[in-house]
Each structure stands twice: as structure tokens, then as C-alpha cells.
Amino acid sequence: MISGQELVTGLVSQGVTHWLWIPDSELGRWETDLVSHPRLQLIRVSREAEAIGIAAGLMLGGKKPIVAMQCTGFFDAGDAFRNVVHDLHLPLFLILGIRNYLAYQERRTTDSCPRFTIPVLEAWRVPFQILSPEATAADLVQLYREAQRRGEAFVAALPE
Amino acid sequence: MTAEQALAVLAQHRGNAMVITTMGAVGIWPRLSDTPLDFAYMPSAMGEGPALALGLALAQPQRRVIAICGDGSLLMNLGCLVTIANYPAELYLVILDNGLYEVTGGQPIVGSRRIHFGLLAQGAGIRRTYHFTDLQSWEQSAGLCLEPPGPVVIWLEIEGRLGQKTPSPPRSMRDQIERLHRALAIGNV
């Protein structure tokens, strides 16, 4: 399980300035740690595409945002994602919760979200990695560090 | 009031603000201003212009950022008004309300000419909203509207144009970003 406190501390140490999100029930556990860090601004948005648009402006203005959302919101935000990654070529780092992914692997759910998340990520031609359920905050911070070094967009997908 | 007239007034009063243009305004604005602080958000994700401008305004709090957005574009992302209200920045959202999807040839938007964008903005929590339906009033008040503090919503009712084609930005996105970053003294993102 990823510690919110360790994640926020690690990302801020890498220069992250803003966190934009609409949480889901798993990501939402980080809320207290996101709110309380003095060097991170949490921005709550009305819709996931908006988070990506604001993040683009922050990056154009020299800041380093993280965007987090559930796969449902990612489906909805496709055009904003396409535009920022493939038209503006900005190094968007997206943390994506895949709803019911673990149950899907064990054929214990009829939820169609996990079935379509990976094909959609592949369709958008963006580098991504599905973390293991045992992944730590340090693993996620390392993915961010590597993506920033490459100057590329990246999606870190968390199985839920 | 035509779009050209409305934007000419804006160009006279923008000072050193960044100006983010979208959709139909992309084809007009470069004739009025083409500095490194003018950013044509095209290719775009329709409706995300105000969001991008909010991000810029939060990143560059010492500068004013003007976002020019169509009525149809704003309807695609109305929730941005709530976000703009809750993260105060020097953001000035100019809504060009022509009642049309102009770049697709001039089809009416839903609720064309019956939407009160001022009330929508105020209901979202944006206190400073202005509404102009004629050029003279806009000319007289533009300077005041663009004075801090933001956020500000300026709703301009303009004439619709039929038969327009999708405009082209004055330069590639890469070139735009590079010159914007030079102007803001920012290294590679």
C-alpha cells in the first residue's frame, strides 16, 4: 500500500508543485497528506479533462504538476489528454486508479472499466506501467523521476 | 459589435498580459498582436482554453492572463467557472458570445443567445463579471475590466459570422511554446 505521506514528501522533493485531481475511493486516502504539505498546492477540479488542461498551463508556466484520477475520468478526458501529450508534447505525469482491476484479473467482476483501461492507454500511445499491489511510494516517485528525466508523459496505473 | 472590433479593443488595453486565444479568435488576434505573450491554443482540446489559462495564471502570479473563449467552448467546460472562482488568480476570461459554432460553419449552439453567462459566472462564485452588447460601452469600460484583481469574466455579445473555416495558428505549437518560455525566462519543461 502506498503511503500518502511518503508519496507527497517524495514527489515534492523531486520538485512537484501542484496536485490536481478528482479522487476515487483508493486515491482519496491521500487527501490529508496532500492538503497538509506546505509546499504542495492541491487543486480540486470539476472534471478530469479540466485537471489536464490546468496542468498544461502550469507546465507552460514553469511548474511541475501531478494529475490523479480514476480510469472512468480518464476515459472522459481523452481529448484533453491527447492534446497535451501529442499536440503540446508536455511531460504530463498521470496517476491512474484502475477500478476493480484486481477483481477483474480473478474474473470476479463484471465492471467493464478494467477491461478497457489498458487498451485505451495503448491507443493513446503513452508510456505507462501498472504497478503491483505491493508497490510503495518510493516506486511511484522513481517512475516520476525517470519520466521527468526523459521529458516524456507517463501514466502510473494503480490496480484497485 | 463584430469579433474583430471587440478584440481590437482588448488589444488596446491588454498591456503586458498574456493572451490565450482559442477557436475563431485564433484567426483574428495575430492581426492585432503577435508578441511572445500571445499564445494561440491551437491545436486544442475544445473547452480547455480557460483551464490552460488558469494554470498559466497560477504558475505566473505576477502576470495577468487573458483567455479568449467562445460561448460553445465554454459550455463544454462550464465547471471551470467554479474552479476559477476557487483558485483566485489574475485570470481574465473573455467570452465571445456569437451564439454559433463558428469554425464549423455557423451552426447554433444549444441555448443560443438565451444563456446568461454573467449569472453562470456569478453563481459559480466569480464576483467581477461584466457584460457588453455594444462596442461603445465595451470601449469605455475595457480598461476598468482588465484592472486587477482577478478573476474577472467579461461577456461580450458579438455578431455571428457564417461560412468561416477553422483558422490556422500563426506558428507551430513548438515555436509558440519556445518563444513563450523565452519571454517568461523559463527553461525547458
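Trainee: In which order do the six strands of the open sheet in chain B lie?

Mentor: Keep in mind that this is a predicted model. The strands of this open sheet pair in parallel. Strands of a sheet pair through backbone hydrogen bonds, either parallel or antiparallel. Reading across the sheet in chain B, the order is S2-S1-S3-S4-S8-S7.

Trainee: Which are the edge strands of that sheet?

Mentor: Look for strands that pair on one side only. Neighbouring strands of the sheet are turned by 15° against each other on average, direction ignored. The edge strands in chain B are S2 (38-40) and S7.

Trainee: How many bridges join strand S3 to strand S4 in chain B?

Mentor: Strand S3 covers residues 65-70 and strand S4 covers residues 91-97, and the two run parallel. Across this pairing, Cys69(B) stands opposite Ile95(B) in S4(B). The number of bridges joining S3 to S4 in chain B is six.

Trainee: Is Thr129(B) buried or exposed?

Mentor: Thr129(B) sits in strand S7 (residues 128-132) of chain B. Its relative accessibility is 17%, and buried means under 20%, so Thr129(B) counts as buried.

Trainee: With which side chain does the side chain of Thr129(B) make a polar contact?

Mentor: Start with the neighbourhood: leaving aside residues within four places in sequence, Thr129(B) is in contact with Gly118(B), Ala121(B), Gln122(B) and Val153(B). The polar contact of its side chain is at 2.6 Å, and the partner is the side chain of Gln122(B).

Trainee: Why is the pair of Trp19(A) and Trp21(A) edge-to-face?

Mentor: The whole structure holds eight aromatic pairs over all chains. The ring centres of Trp19(A) and Trp21(A) are 6.1 Å apart. Planes over 60 degrees apart count as edge-to-face, so the deciding value for this pair is its plane angle, 80°.

Trainee: How many residues apart are Phe93(A) and Tyr144(A)?

Mentor: Their rings form an edge-to-face pair, with centres 5.2 Å apart and planes at 80°. Phe93(A) is buried at 1% relative accessible area, and Tyr144(A) counts as buried at 1%. The pair links strand S4 (residues 93-98) with helix H8 (residues 137-150) of chain A, and Phe93(A) and Tyr144(A) are 51 residues apart.

Definitions and conventions
Residues numbered from 1 in each chain as written. Chains lettered and ligands numbered in written order. Predicted model: local features only at pLDDT ≥ 70, side-chain atom pairs only at ≥ 80, totals over all residues. Heavy atoms only, no water. Helix = DSSP H or I, 4+ residues; strand = E, 2+ residues; numbered from the N terminus. Buried < 20%, exposed > 50% of the residue type's maximum accessible area, 1.4 Å probe, protein only. Polar contact = N/O pair within 3.5 Å; in protein donor to acceptor, adjacent residues only side chain to side chain. Contact = heavy atoms within 4.5 Å. Pairing = 2+ DSSP bridges. Axes fitted to C-alpha atoms, helices over the stretch in contact; angles between N-to-C directions. Phe/Tyr/Trp six-rings, centres within 6.5 Å; stacked < 30°, edge-to-face > 60°.
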